[in-house]
Amino acid sequence: MVLAKGIINQESAVASKRQEINDLLEISSQTALQHLQTEVFSENPVIAVWRKAYQTFKTKKGVRCSIEALLKRVEKGTGVSPINPLVDLYNSVSLTYGLPCGGEDLDTFRGDLLLTKAEGGEHFLALGDEDFDNALPGEIIYKDDEGAVCRCWNWRDGQRTMLTENTVNAFLIIESVDPGRAEDLKAAAASLADLTRQYLGGSTEITILDSHNREMNLKG
């Protein structure tokens, strides 16, 4: 996890560096081809490990890990379009390392943020949707006191906590379910922290959470 505080995520603030960020996205898309060495898309290790993980809990039909969605665009040659500076930075890290990355506006959380099994019915309005599509019982979600923050583990973020140009403090998530990639996870977190400070200013703090270190203070 990377906590980024005091950032400026506005296009006007990165105008002189916008092309650099766009180049990062393009270069990382080319780098991502190293994760697609197997002809059958789903058999590539960075995808297969998450497919297996998603089979262990209740999901909406057809949903996939966020890294699979990005790599599918790379495979098809459609590319990953710019969204906003911070999202573009974490997408570039995600593609480079073949790990799912995401981010939320820290100041929108209500109470504690949990990665847990849903009771079912946690309110969720996905990005781009007009109607609520609430969590299923037994689904793995990020949630706070107000509802789901991200559904099906890291499949899709919600509108309530999304990163916007007004985001000043961000909670950035990089995830791995492959014990053999622990060093890649650390390297990805360091890269994301460095890129965030370089382009958006502020300060960053990295915390690696696992079964032995399960909590962190988001407000400290």
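Predicted model: local features only at pLDDT ≥ 70, side-chain atom pairs only at ≥ 80, totals over all residues.
Residues are numbered from 1 along each chain as its sequence is written, and side-chain values rest on heavy atoms, with hydrogens and water left out.

The structure holds 6 aromatic pairs. Here, rings of Phe, Tyr and Trp (its six-membered ring) pair if their centres lie within 6.5 Å, and planes under 30 degrees apart count as stacked, over 60 as edge-to-face and the rest as tilted. The pair of Trp50 and Tyr54 is edge-to-face, because the ring centres are 6.3 Å apart and the planes stand at 80°. Both residues belong to helix H2 (residues 45–54), where a spacing of 4 residues separates them by about one helical turn. Helices (H or I, at least four residues) and strands (E, at least two) are DSSP runs, numbered from the N terminus.

Tyr54 also forms an aromatic pair with Trp153, this one stacked, at 6.5 Å centre to centre and 5° between the planes. As for accessibility, buried means under 20% relative accessible area, exposed over 50%, and partly exposed in between (1.4 Å probe, protein chains only). Trp50 is buried at 3%, Tyr54 is buried at 8%, and Trp153 is buried at 16%.

A further ring contact involves a charge: Lys72 lies over the face of Phe41, at 4.2 Å from the ring centre. Such a charge sits over a ring if NZ of Lys or CZ of Arg is within 6 Å of the ring centre and within 35 degrees of the ring normal.

Turning to the strands, an open sheet of 4 strands runs in the order E2-E7-E1-E8 with antiparallel pairing; two strands pair if DSSP finds at least two bridges between them. Strand E2 (101–105) and strand E8 (203–206) stand at the edges with a single partner strand each, so one side of each is left without a neighbour in the sheet. Strand E1 (residues 2–5) pairs with strand E7 (residues 169–174) in the antiparallel sense over 4 bridges, and Ala4 stands opposite Ala170 in E7.
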